[in-house]
4 protein chains.
Amino acid sequence: MIKTDHISAANAQAETALRTDYDALGEQLDRRGIDIAAIKAQVSDYGVAIPSWGTGTGGTRFARFPGAGEPANIFDKMDDCGVIHQLTGATPKVSLHIPWDDAPAADLLAKAEETNLAFDAMNSNTFQDQPDQAHSYKYGSLSHTDKAVRQQAIEHNLYCIELGQKIGSEALTVWVGDGSNFPGQAHFIRQFDRYLDSAKEVYAAIPDDWRLLTEHKIFEPAFYSTVVQDWGTNYLIATELGDRAQCLVDLGHHAPNVNIEMIVARLIRFGKLGGFHFNDSKYGDDDLDTGSINPYQLFLVFNELVDAAGTLGFNPAHMLDQSHNVTDPIESLMSSAIEVQRAYAQALIVDRDALSGFQDGNDALMASETLKQAYRTDVEPILAMARFEKGSAINPVATYRASGYRAQVAETRPVSSGAGGGIV
Amino acid sequence: MIKTDHISAANAQAETALRTDYDALGEQLDRRGIDIAAIKAQVSDYGVAIPSWGTGTGGTRFARFPGAGEPANIFDKMDDCGVIHQLTGATPKVSLHIPWDDAPAADLLAKAEETNLAFDAMNSNTFQDQPDQAHSYKYGSLSHTDKAVRQQAIEHNLYCIELGQKIGSEALTVWVGDGSNFPGQAHFIRQFDRYLDSAKEVYAAIPDDWRLLTEHKIFEPAFYSTVVQDWGTNYLIATELGDRAQCLVDLGHHAPNVNIEMIVARLIRFGKLGGFHFNDSKYGDDDLDTGSINPYQLFLVFNELVDAAGTLGFNPAHMLDQSHNVTDPIESLMSSAIEVQRAYAQALIVDRDALSGFQDGNDALMASETLKQAYRTDVEPILAMARFEKGSAINPVATYRASGYRAQVAETRPVSSGAGGGIV
Amino acid sequence: MIKTDHISAANAQAETALRTDYDALGEQLDRRGIDIAAIKAQVSDYGVAIPSWGTGTGGTRFARFPGAGEPANIFDKMDDCGVIHQLTGATPKVSLHIPWDDAPAADLLAKAEETNLAFDAMNSNTFQDQPDQAHSYKYGSLSHTDKAVRQQAIEHNLYCIELGQKIGSEALTVWVGDGSNFPGQAHFIRQFDRYLDSAKEVYAAIPDDWRLLTEHKIFEPAFYSTVVQDWGTNYLIATELGDRAQCLVDLGHHAPNVNIEMIVARLIRFGKLGGFHFNDSKYGDDDLDTGSINPYQLFLVFNELVDAAGTLGFNPAHMLDQSHNVTDPIESLMSSAIEVQRAYAQALIVDRDALSGFQDGNDALMASETLKQAYRTDVEPILAMARFEKGSAINPVATYRASGYRAQVAETRPVSSGAGGGIV
Amino acid sequence: MIKTDHISAANAQAETALRTDYDALGEQLDRRGIDIAAIKAQVSDYGVAIPSWGTGTGGTRFARFPGAGEPANIFDKMDDCGVIHQLTGATPKVSLHIPWDDAPAADLLAKAEETNLAFDAMNSNTFQDQPDQAHSYKYGSLSHTDKAVRQQAIEHNLYCIELGQKIGSEALTVWVGDGSNFPGQAHFIRQFDRYLDSAKEVYAAIPDDWRLLTEHKIFEPAFYSTVVQDWGTNYLIATELGDRAQCLVDLGHHAPNVNIEMIVARLIRFGKLGGFHFNDSKYGDDDLDTGSINPYQLFLVFNELVDAAGTLGFNPAHMLDQSHNVTDPIESLMSSAIEVQRAYAQALIVDRDALSGFQDGNDALMASETLKQAYRTDVEPILAMARFEKGSAINPVATYRASGYRAQVAETRPVSSGAGGGIV
C-alpha cells in the first residue's frame, strides 16, 4: 500500500485548482438543471472490478516483455490491486482466475482484509493445459468430442464455484477457447449441443444467489469458428440454462463495425445482460486500455446502462479485462477504472427527458446533440473530487509514480522471464 | 419465351461433349461410392425462386444505367422469369414485391400459367414512400414513433398477404429499412418494442399454412443502427411471434468476417431457419451475383443445409436477391441459379460418414479435405445433364444470347431512364 | 439570409452564461500554460467548405425522403450556404458540383457576393449519365475501355476547370465511380493505366496555381474493385501526375478498422496530402454528420494536422461531404462545421512539448493521457465566443430554428419528389 | 526421409485411377484448346518454400498444444521439410528464421544436401528479446526511439545476410512488430523516418544479386498502429530504398474486405512485388492453411501472377507462412503446398485471349465465367500426375500417415512443453 501521508501531500498540491474547476462545473451544470453533488455521490459509489491477471504485463503470441516488479502470485497481485483501489477508490473487488490464482481460501480472505478488497466473479480456465491434468484441451473443453475431457472441464468449473463460495464471490464467468480452425473440423450443431450439455452441468452447481456469466467471442484462439461466437448464441445458451445464467459482453469480442451498445440494449430488453469486460480495441480482441481508442462508444454503452438503471433485477457486473503490454499495469488499470467512471458520469448528466422528447419527435439532430452535450462535458472535476473526498488521489498516476511503489516491490519480487508466445 | 427449336438446336451441338464429361465424372464418383444419377435427380428437383425486381437493371445511390428492353411491369418481368426457367429448369417460382408488382390476382395467375411459373414469398415494401400514402416512412415504418404510420405499414403487409393468398403464395417476407443514423436518434428498446407490436399484428394475419419470414441486416439504408440488425435479434423476433415465424438469411447482410454458415447452423438447431436470399458480396450488401466472390462460402452454407435435410419440418425457402448493375439481368439470374445448384450438388457428394468420423476423431485436416474434395469436384456435367434432360439449355447464356430475346423485347418495351439515386 | 436583429437578440440571451464559461475555461487553460485568446483567434480564422449538394436532403439506393423547402438549384443552395456561414462564421466557401450546379460564371459570382461566400474546389461528375451526353459511364469514365468515353470524361473535367477559373476556384476534385463488380470484369493494370492516361490529360490543364485532388474509395458504386481503391493507389496517381496533384482523404472511404490518422501522417510525410472530405461513418461510406459516430478519431486527424502545421507548402483543403437523410441539411451542416472546429481547437491545446517527451521516452500511458486531456477539455466556450465576436450565433441551430428560414423558403421553392434510388 | 519403396507401393495402388482421371481431363482440356501436358510441366517446375518454423506446432497468446515428435532444432525441421518435399515434389527450399535456426553454415549446407533442399529467403527476428541481447524490443526495433536499440536490430539483420550468403540464400525478409498500442504513443512521422533510416542501413548491406523484402501488416503485435501498416507504406519503403527492395504480401495482413489481388496487381504495375507469404484467414492474421477458407481468392491472386508472367524482371518469391495449431504441421504444409499448386494450375488454364476480349467489350458476365470455368476445373489429376512422375506421392497425406514417420521421430525427439503465450 502507499503511505497515506504521501497521498495527502500530493492532494494538498492539487486541491485549490480542483475546487476552482469543480465549482465552475457545478455552476454550469446547475444552469442545465443538474446537481453536481448528486452526480458526484453516484460516481463515488461506483466500482469496477480488477482482473487479477491484469496486474501482470501481458503479451501476444509473438512475445511478452515483462517489466520490473511483476507480481509472482495472487498475493502480489492483490497487493497491486490494493494500491489501485487505494489511489482511485474505484476498484473495490478483484476477480480471480483459476488455476493461476488458486490458493487456500483462508489465505485469500486474509489478504483481502489486508488490502481492503473483496472478490468479484471467479474465472475458470479450460483453454490451457495444466501439468496435473489428465486430458488436453487442444481440441476443446466443454464442447470436446470426448466425454472425459468435457468432464474434466466441468469439474474444474465446479472447483471454481466451490472456492468462490468460500471467499464471497457471487458469480462464475465462463469463457472457452473452443471452436475450430477449418471448415468441417467441427460439426456445428453437435459441438454446440455438447457445450450446452456441459454448461448445464456447471449451471446445476451454481448457488441460488450466484450467477453464471457466459462470454461470447467471434475469434481467437479458434480462427474459423468459435462455439459461443456472438451475443445471439450467448443469449440462447443463457436462456437454455435458466434464470441465473446471463450474458457477459466484452467490448473487444465482436465483428468489425458491430453496434455494441445496441447489443447491450437487446440483452437488457430480454433480461440477459449479465455484465461487462471493459477494454478497448481497434482491430480484434486487442485488450487495449478502456476508452483509449473509442471513448464515445464507451459513453454510449453507459448511456444504455444508466437508461436501464432501476429496471427490476438489473445489476450487470462491471470488470476491466485488458492486456497491458507496454505500460505499467497498475497505471493502466487506474486510468481505465477512471475512464469507466468518466463514461458513467457523462451518462448520468444526459438530459433524459429532453432526449426522450427528441426521440419521440424524430428530431435526430437534437437527440444526437443531447448526447454530445453530456459527452463533451469535462467531468474530471467530479471524478477527482469523489476521489479526494474518500482519501484517494486527485492525480492517481502522478501520485503512484512519486510513491516509488514499483521500484520497491521490484526489490523483492523475482524477475519475470519474457518468453515468446505461440510462435515457435 | 424462347422457341423450343432454338434450344434443341443449341443442345444438339453440345450433347456429345456433355455425355463424355458426364460419363467420366460418373465413373470417378462411382469409385468414390456415389451414384451420379441420384445426385442428378436431386439437382433436377431443386428450384430457387427469382425476385421479380431482379429482372430490371439495378443501381446505386449514385446512378442507375438501364439497358435496352428493361421490363416495364410485372408482366414483362414474368416473361423474363419464364425465359430464365425455360433455359435453366431451376427457377420455377417468382417472388413478388408490392406495390411494384401489384396487379389483379387473376391477371397474375393467367400470366403465371402462360410463363409456366408459380409464386413464391410475397415481399412488402415499407421503405419507400408511395404517392397514395398518407404517411411517410422517412423515420421508420413498423417501428415508427407514430402509431398511424405503423398502422399504415401493418395494413400494407396485410394487403400483401391477401393478394398472396389469391395467387398461391405461402409466405410473407418482411424487411424494413427502420433504424437510425445518429446515436440517440432512436431509443433502442422502445423502437424494438414498437417493431415487435406491429409485427405481432402482421403475424396474426398469417394463414395457418403460411410462414412469416423476417430479415435482418446490419446497415443500409440506416447507417448507425437498424431495428433487426442481426440474426440474434431476428431470432428473438421469430420466437416472440410464434411457430409460423422464421428467420430469413441474406448472405450480404452481415458484419465483416462473420461466419454465416455457423449462423445457418444455429438457426437450424433452434428451428428458426426460414430461408435465404442468395447473392454474394465483398464489402456490404453488394447484391452481387451468387457465388461470384466467395463460392466456397456458398458451398459451406449448402453443406449445412444438406446435413440438416430430413430434419422434421426443415424446409427453408430459397430465393436469389441480387442487383444487376452491369450485366443483363436475365443472364445473371440464370448463372446465379446454376451457381446455387452447383453448391447444392457439391454438398450432396460430401462423404458425410467420413466427415463425421474425422470430426469425432478431431482429424481437422481430413475433415477439411473431405469438404474440399467434394467442393473441387467439377459437377458441371451433372447440372448440364439435368437441364438437358428436362429440355432446358445445356449452355443457358449462350443459348439465350443466340436467341435474340433481349433485342426482341426491346422493340416493344419503353426505354427506361437512368436517374440518379439518393445523391442530389 | 437571417435578419441580423434576430441573431443579436438570440445572442443577448446567451451572452452572460457564455462569458462565465469562457472565463472559467480561460482560467483553467491558463493554469495549463495556454492562452485562450490565441486559441480563439485560430478557431475564428478557420473555415471549412460546404459542398453545394449537401444542402439538399440525401438518400440511399432504397429511397430519398425530401423535406420542405429543398433547394431547387445552385442559387437556392448558395442561399442556404449563406445562412450556414452567417450563423456559424465557419464556412466561407462553397464547393460546386458540375453539371448539377452549372450556371453562368457571372451569375455565380453575383450570388457569391450576395451571400458573402467564395468558391472552393470544383467537383466533376463522371459517375452519372446526363441527357446531353453521347456516351454512358455504365462501364467507367476516365478508365473506360473506349477512348471516346474517356475523352468525354476528360473534356467534362476540362470544362470544370474552365468554369472554376472564372469564379475564383483553385482546385479540381476528381472522384470516379470506375471499378468492377466481378472478378475478371476489368484487367486491373490496363484499367489503371487508362485512368492514369486520362488523368494526365486533365492534369495538363490544371493552372499553375491550382491543385488537382484525386479521391480514393474502397467500394461503392463498384462492389468488387475500384480503380482508386486506397491511399496507396491515390499516392501513386498523384506522384505520376506531378507536383500540383495531391490526395484527398474522405473519412468514410476506407476498409474497416483502418487507422486513418496514420494515412494522414503518411501523406503529410510524402507531401501528398491535398485535403479532406469530412463526415463520419460506422459501416461504409455512410456520409453521416462529422463527429457524430467517432469524435475521437476526428480529433486524432486534427492532431496530425496541427502537428504538421507550418511544414513548407502544407495547406490541405477542408470540406464537409455528408448525406443528410433524416435531418434538415442546414442544421447538420452547421453542427458539423462546428464539430470540425471543435476537433481543431482540441488539437490546438495539446501540450506538444510534453507529448514529444513522452513519445521519446516511450511513456505510452502519459502520451495517451496528454492527448486525452486536450480532447476531454470542453472547448465549446471558445467556439461560441469566436462566433459571437464575429456576429454569428452563439447557438446556431436554435437561432436558425427560431428564424423560420426553412418555412419561408418552402413557400417559394418547388416541392421535391422522393424517388426511389437504384432499386427497381 | 520416407523409404522410396513405401512411396512406390502406395502409388501403385492409386496409379490406375489417376491415369483414368488424367486422360478424361486431358480430353476435356483438349476440347478447350489446352494441352494438359504443358500445364503439367509448368506445375511440375513450380515450387513454394517452406518456413522452417512451420514444422513446429504453433499457438496463440492463450496456449500452445504441441504434438508428439516436435522438431527441436533446425536439423529436425529440415528433416521434416525433406519429407514434405519428398512426398509433394513441390517444396524445394526452406526459409530460415534467425536466431531460432542459427547454426554453422557448413552444418546447414550438409543437412541441405542430405535432405535434398536449398535455402530460400532469410528471416530476421527483432520482435522478441533474446537472452544475449543488450537491448529490449519492447518499444520497437528498427524504429525504436533509442539509436542503440535500432543499431542492435540493424546488426542482427546484417548477420542474417552474412549467414544467408554462406548458404546460398538470395533474399532477406524483414518483418517488424514495431508500432504502438495507444494514440499518441508514437509520433507517426518520426517513427517512420527512424524505420526508414535503419532500413537503409540494412539495404546497404544487401548483396547485388539479393533482394530485401519488406512485409506490411495492419495489426498484431501492435494494436493501434504498425509502422508498415499496409502496401502503400510498404511501397514507399521499397521505393525509398532502391531497386533491390521489394514488397512482400502476406495474405493475412490486410484490413477486412480489402481486395488483395488488386494490391498484387498494383505492386506488379510499379515493379515492387517481391513475393508472398501464403496462408488463409477469416478474421485477422489467422495463419490458417492456404486455401482452406477462401480458395477463390487464392486463385485470383494466381490469376494476376500468371497474367504478369513474362514481364521483365518479374520473379516474386513464394513461401508458405502458417501456424499449425491443431494439425500435424507436415500434413498441413503438404496440403498447403498442393493448394498453391492447384491455384497456379487453375490460373494457367484461364482462356486469357477470351478473357481479354470480354474485358475490352465490358462483358462482365462472360469475363467472370471465364475465370470461373478455369477455377471449377478439377486439376487434381494434373497435380497428382506431376507428383507421380517425379517419384513423389500421388496421395501425400495418406502415404505420410502410412509411413509412420511421426511416431518414429517422436521416439528420439524431446517432448515439447505447451506453455501459455502472452496471457499471464
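The model is predicted: local features need pLDDT of at least 70, side-chain atom pairs count only at pLDDT 80 or more, and totals for chains, interfaces and linings use all residues. Residues are numbered from 1 along each chain as its sequence is written, chains are lettered from A in the order in which they are written, and side-chain values use heavy atoms, with hydrogens and water left out.

**Chain C with chain B**

- Chain C and chain B each bring 55 residues to the contact (heavy atoms within 4.5 Å).
- About 4,700 Å² is buried between chain C and chain B; buried area is the accessible area (1.4 Å probe) that two parts lose on being put together, summed over both.
- Carbon and sulfur atoms give 64% of that area.
- The interface of chain C and chain B holds 6 salt bridges (a side-chain nitrogen of Lys or Arg within 4 Å of a carboxyl oxygen of Asp or Glu).
- B:Glu220 and C:Arg61 form a salt bridge, at 2.8 Å from N to O.
- The side of chain C that touches chain B has 24 nonpolar, 20 polar and 11 charged residues.
- Ala, Val, Leu, Ile, Met, Phe, Trp, Tyr, Cys and Pro count as nonpolar, Asp, Glu, Lys and Arg as charged, and the others, Gly among them, as polar.

**Chain A with chain D**

- This contact takes 55 residues from chain A and 55 residues from chain D.
- Chain A and chain D bury about 4,700 Å², with 64% on carbon and sulfur atoms.
- Between chain A and chain D there are 6 salt bridges.
- A:Arg61 pairs with D:Asp287 in a salt bridge, with the closest N and O atoms 3.0 Å apart.
- On the side of chain A that touches chain D, 24 residues are nonpolar, 20 polar and 11 charged.

**A sheet in chain C**

- Chain C has an open sheet of 3 strands, in the order 1-2-4, with parallel pairing.
- Strands are DSSP runs (E, at least two residues), numbered from the N terminus; two strands pair if DSSP finds at least two bridges between them.
- Strand 1 (50–51) and strand 4 (118–119) of chain C are the edge strands, each pairing on one side only.
- Strand 2 (residues 93–95) of chain C runs parallel to strand 4 and is joined to strand 4 by 2 bridges.
- C:Val94 has C:Phe119, in strand 4, as its bridge partner.

Key: Helices (H or I, at least four residues) and strands (E, at least two) are DSSP runs, numbered from the N terminus.
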